[in-house]
Amino acid sequence: MGTSPAKREDRVLVTGKGCFTDDVALTDPLHICFVRSPVATGDISHVDCTDAQHQPGVVAVHTGVDVAHLGNLSVNPVIPVDTVPDFPVLAHKTIRATGQPVAAVLADTRDLAQDGADLVDLSIDDQTARDVLVASQCWSTGDFDTAIATAAHVVTCSIRHPRLAPSPMEPRAIAVAYAPDTDTVTVWHSTQTPHRTRSELAAILNVNADRIRVIAPHVGGAFGMKASLYPEDVFAVWAAFRHKRDVKWTASRSEEFLSATHGRGVVSHGTLAVDNTGAILALKADIHAPLGAWVPNSGLVTAWNAARVLPSGYRVASLEISTRAIQTNHAPTGIYRGAGRPEANCLMERLVDKAARAVAQDPVAFRCANLHSATDLPHDTATGNTLDSGDYARALTLLRDKADYAAQTAERDRRQAAGELAGLGIAFYVEPSGSGWESATVTLHETGAVTVASGSSSQGHGRETAFAQIAADALDVDMNQVAVRFGDTATAPEGIGALASRSTPIGGSAVLAACTDIAKRRAKGEGLPITASVCYENTGQAWGYGAYLVTLSIDRDTGVPTLERIICVDDTGTIVNPQLVKGQILGGIAQGIGEAMLENVVYDADGQLLTGSFMDYAMPRATDMAPTALHSFEIPSPTNILGAKGVGEAGTIGAPAAILNAAIDALSPLGVTDLQMPLTSETLWRAIRTAEPGHEQGTDQ
Ligand code: SMO
């Protein structure tokens with residue numbers, strides 16, 4: 001541990017030898033094409049499938065009535081639930097979003113299924129869209145009103161997070177092999193959570209879980225988008241049982257934009273009060289999180305995290321925080337890398353920056369003075385968290401040193417004085433990684449070889465290498481002696497999967513616990529082979545954190561932003577593999593840049609998706625990255641035996657807040673105090689034109 005051996009999964013993946021769900025060879029499978037609603041809301045008055053059924057190669061056409069008896073997906077009730085919308089596999093009577101599957105054509109080839117789908121005649125009576133409260137929660141402590149009344153300064157901020165399309169390279173895919181002898185299925189599924197896929201399928205289809213084997217083969221990215229089962233997945237498995245045939249479905253990129261879960265979209269309002277020494281007195285925040293046509297397993301997590309991750313690592317005596325998850329007539333939203341954490345941190349870091357300005361203090365010094373000190377931890381927040389460990393100010397002081405902060409601020413001041421729009425942004429962030437259990441079964445064989453089977457899984461992020469390192473160290477064998485297996489419900493122990501930055505802290509600790517047990521038994525003289533199976537549960541969430549600094553400049557005439565430099569300090573807890581940690585943080589930063597500067601899913605007022613392809617939805621490219629320096633230190637978390645803190649989401653949390661602060665800093669000489677993401681050249685150009693004298697709209701001719 002602590003070294004970066006070559007990632008063992010790389011050779012297969014980068015030479016194109018991976019086996020993804022769509023690569024799985026099936027026997028004469030039926031292909032599915034879904035007929036999707038062209039409108040966002042309405043009642044289905046008529047679906048005529050006659051022509052489609054007579055199309056050569058079409059085996060069957062199904063509509064909502066055929067699957068209306070199926071059960072609902074379970075939803076994790078992280079906040080109190082009013083009403084969870086049901087989970088229509090195919091829309092039955094009511095349409096809730098553009099792109100919702102209404103009918104499904106099963107045919108011998110994908111093209112024939114598409115031809116059949118084109119012949120389905122669908123009529124929908126328009127209805128007015130209706131937002132429904134699904135779940136909500138409030139937290140409060142202290143006396144907010146008195147704190148506000150006595151405060152020297154009160155600052156406010158509203159943030160509308162762009163809605164984001166997670167866009168893993170591999171779209172959703174499912175391949176189902178039906179075994180007639182046993183009336184069972186083997187399901188290859190591009191998922192983060194293979195055991196969840198099995199248990200949810202069993203419940204929704206009302207079949208015994210032992211009739212379903214789920215395999216997550218290579219998964220080409222997921223980012224939270226593949227942590228839930230989708231209506232399309234359920235239909236594919238239902239169809240395999242119904243027709244006693246193999247079935248496959250792979251989403252097109254258009255289907256991903258239309259009907260895969262989106263992330264963010266949160267609207268938050270915050271108020272922060274400080275006294276005249278710059279001490280934070282009180283925080284109020286209202287979070288509004290949109291849900292879509294149906295709610296995925298972790299669909300309420302964004303609303304929860306966007307609120308309960310407040311007040312980040314800051315000491316706040318009085319707070320009032322509320323969150324509401326509201327159903328709308330759009331594609332479903334779900335967890336997306338960060339899953340509410342970026343929303344909470346962006347709001348807090350904007351408020352803190354504004355407050356520092358109000359009391360004319362340096363933003364780094366202001367943060368250091370208001371963050372919990374190392375001796376305050378562990379600390380229970382009023383929003384139900386235990387901040388477990390760390391030294392928050394150390395992240396900021398290390399950043400100040402590594403970034404040569406004094407020189408950078410002097411340079412920013414010099415450039416601003418010369419009329420350049422140059423900015424420097426700071427953000428502190430916290431990243432709670434998951435809680436709960438994960439499993440591992442480890443065997444030390446007579447040959448000295450080791451087999452690790454984990455309930456956690458992989459979406460291409462180096463799980464095999466990291467777990468082999470943990471086992472090799474704990475059992476004192478060469479890591480090449482360690483085979484790591486996961487992702488198959490037939491051979492891996494029951495598990496949770498790879499999400500919520502939990503795989504290393506919890507899954508890795510499970511591997512360590514099993515290995516430690518084997519090492520003890522061997523010392524006592526037990527003969528080989530020895531197998532240990534553990535279900536490891538952590539004692540609480542490990543809260544990673546860090547501090548990021550961003551410098552950028554904005555072209556005054558065109559609004560084009562240039563990210564100049566990003567400098568990061570992260571407390572990662574115990575590091576298993578520095579290269580994997582670096583890869584996680586850098587990848588998160590790329591997606592954070594995407595949110596802050598480029599990406600935005602746009603619907604019109606009628607619920608039509610305007611950004612249905614990469615022509616309209618701007619993903620960050622290599623040239624959108626800035627020179628980035630990563631620094632870290634390791635204060636082990638006491639919540640798990642490995643001491644690890646998840647870093648999977650760090651970059652998506654820290655980067656947008658720092659970029660937003662830097663852009664506002666760059667435009668502050670013009671009097672700009674707020675901007676909304678994404679910070680495209682248009683956004684920035686409009687802000688400059690509105691702020692600059694003589695450039696008010698319509699008066700510049
Ligand atoms: S957004 Mo993550 O896969 O919990």
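In the predicted model, R521 forms a salt bridge with D517, the closest N and O atoms being 3.0 Å apart, where a salt bridge is a side-chain nitrogen of Lys or Arg within 4 Å of a carboxyl oxygen of Asp or Glu. Both residues belong to helix α15 (residues 503–523) and stand 4 residues apart, about one turn of the helix; helices are DSSP runs of H or I with at least four residues, strands are runs of E with at least two, and both are numbered from the N terminus. R521 counts as partly exposed because its relative accessibility is 23%, and D517 counts as partly exposed at 31%, given that buried means under 20% relative accessible area, exposed over 50%, and partly exposed in between (1.4 Å probe, protein chains only). Salt bridges with shared partners also link R36, R172, E232, E255 and E256 into one network.

Residues are numbered from 1 along each chain as its sequence is written. Because the model is predicted, local features need pLDDT of at least 70 and side-chain atom pairs count only at pLDDT 80 or more, whereas totals for chains, interfaces and linings use all residues, and side-chain values use heavy atoms, with hydrogens and water left out.

A further salt bridge, at 4.0 Å from N to O, joins the side chains of D353 and R350, which both lie in helix α10 (residues 341–358), 3 residues apart. Both D353 and R350 are buried. By contrast, D10 and K7, whose side chains meet in a salt bridge at 3.2 Å (N to O), count as partly exposed, with relative accessibilities of 29% for D10 and 25% for K7.
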